[in-house]
Amino acid sequence: MAAMIAGRAGVEGTQRYAARLAGLVSSDHFRNMSGAGRIASLGLGTYLGPEDAETDALYQKAAVRAFELGVNVVDTAVNYRHQRSERVIGAALAEVIAGQVVARDEIVIATKGGFIALDADVPQDPGVYFTETYVKPGIVEPDEVVAGAHCMAPRYLANQIDRSRANLGVDTIDLYYIHNPETQLDEIERGEFFHRIRAAFEALEEAVRAGKISSYGTATWNGYRQDPGTPGYLSLAEMVTTARDIGGLDHHFKVIQLPYNLAMPEAFTRANQVVDGEPVSTLEAARQLGVYVMASASVYQGQLTRNLPAMIAEYLPGWSTDAQRALQFVRSTPGIGTALVGMKSVAHVEENVEVARQAPVPWPEFKRLFSEA
């Protein structure tokens, strides 16, 4: 087994990276995240693509190029491409560190656990694989799994953290998300849900103490975008309160991820969260609660990379492609820290990083997209 890469992203390292890349990107490209320092406004996503060696090679080249050009955030998950996405990011990180392109403390590695992950290297029947890998060893009890695919029991999360660390080849994962926890609400009552969330957060705080992760959060799809009272709704204030109950004021619930783009602006436009008795948007709630926001689906899995309305080009001028306009919209939204975008070719990396060379749209111009839409 290859040696694990020691270290983690930190303030000194990410500031060093930002200073070194200052001539390639705008002064607003790097944003501050508690504990991690300077985080790029664009991050590399690794969700899409078949489970094959060709896609692995594309992602590895794309990741290396992204690190070279000012992207120091990479987002993956243990279930993406049946664990191959994590493994290829590990290979890319090892390559750039060996080549002295970057140091480990300059790069923020984020991954997720929750969905039962198959293993592309073990072509077995999924049911047999799940039973042999998780049930028989006592890692998962069948009643802890919902929808036949999701688990956030402490033993399972501990197992998945170690699996992700091995896949990525790192001692410490910088950001670790519970993946779509709202999935649990399809089958269990809300009281039981928060019992499970509390147990999960306790396990994640223990993983921080053990040096296996640096911070944690929740990566969601619908949870933070829905209205209170809907079955899958998540309250960010309740999540932070739970983390504080477990870890005190020094808890490590530092980040959330949710979809945000031109077609899905709810995190900015919908006052569906409550903080100190006042209804606010999810982005405003995150700001008040000290939580960093990663935007997933910034180009809506490619749907916003072409044929955008003419008004978008008018209000977001100066770009040659709709993908760049879509990314500029996301990274210009007040409250968004990093816009994540899937990039599995060097050409896409170079096209998207052009956005980082320009400042975000100023608020007076940005708000016209909403006031005149």
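Q: Which strand do two bridges join to S11?
A: The model is a predicted one. Strands count as paired when at least two bridges are found between them. Here two bridges join S11 to strand S12, residues 338-342, and these strands run parallel. Met-294 has Thr-338 as its bridge partner in S12.

Q: How many bridges link S8 and S11?
A: Strand S8, residues 253-259, pairs with S11 over five bridges, in the parallel sense. Gln-257 of this pairing has Met-294 as its bridge partner in S11.

Q: Is S11 largely enclosed or open, and why?
A: A residue is called buried when its relative accessible area is under 20%. In S11, residues 292-296, five of the five residues are buried, so the strand is largely enclosed by the rest of the structure. Both faces are covered: Tyr-292, Met-294 and Ser-296 lie on one side, Val-293 and Ala-295 on the other.

Q: How do I look for pockets, and what volume does the largest pocket have?
A: Rolling a probe the size of a water molecule over the atoms shows where empty space is left. The largest pocket has a volume of about 810 Å³. It is lined by 33 residues, and the closest to its centre are Tyr-47, Leu-48, Ala-297, Gln-301 and Gly-342. S12 and helix H12 (346-353) each supply at least two lining residues. The lining divides into 12 nonpolar, 15 polar and six charged residues.

Q: Which elements each supply at least two residues of the lining of the second largest pocket?
A: Strand S1 (30-33), helix H9 (282-289) and S11 do. The volume of the second largest pocket is about 270 Å³. Among its 15 lining residues, the closest to its centre are Asn-32, Arg-287, Val-291, Tyr-292 and Val-293.

Conventions
Residues are numbered from 1 along each chain as its sequence is written. This is a predicted model: local features need pLDDT of at least 70, side-chain atom pairs count only at pLDDT 80 or more; totals for chains, interfaces and linings use all residues. Side-chain values use heavy atoms; hydrogens and water are left out. Buried means under 20% relative accessible area, exposed over 50%, partly exposed in between (1.4 Å probe, protein chains only). Helices (H or I, at least four residues) and strands (E, at least two) are DSSP runs, numbered from the N terminus. On a 1 Å grid over the protein atoms alone, a cavity is a set of points where a 1.4 Å probe fits but cannot get out, and a pocket is an open set with protein on both sides within 12 Å along at least five of seven lines; lining residues have an atom within 4 Å of a point. Grid points are joined across faces, edges and corners, and a volume is the space filled by probe spheres set on the points. Ala, Val, Leu, Ile, Met, Phe, Trp, Tyr, Cys and Pro count as nonpolar, Asp, Glu, Lys and Arg as charged, and the others, Gly among them, as polar.
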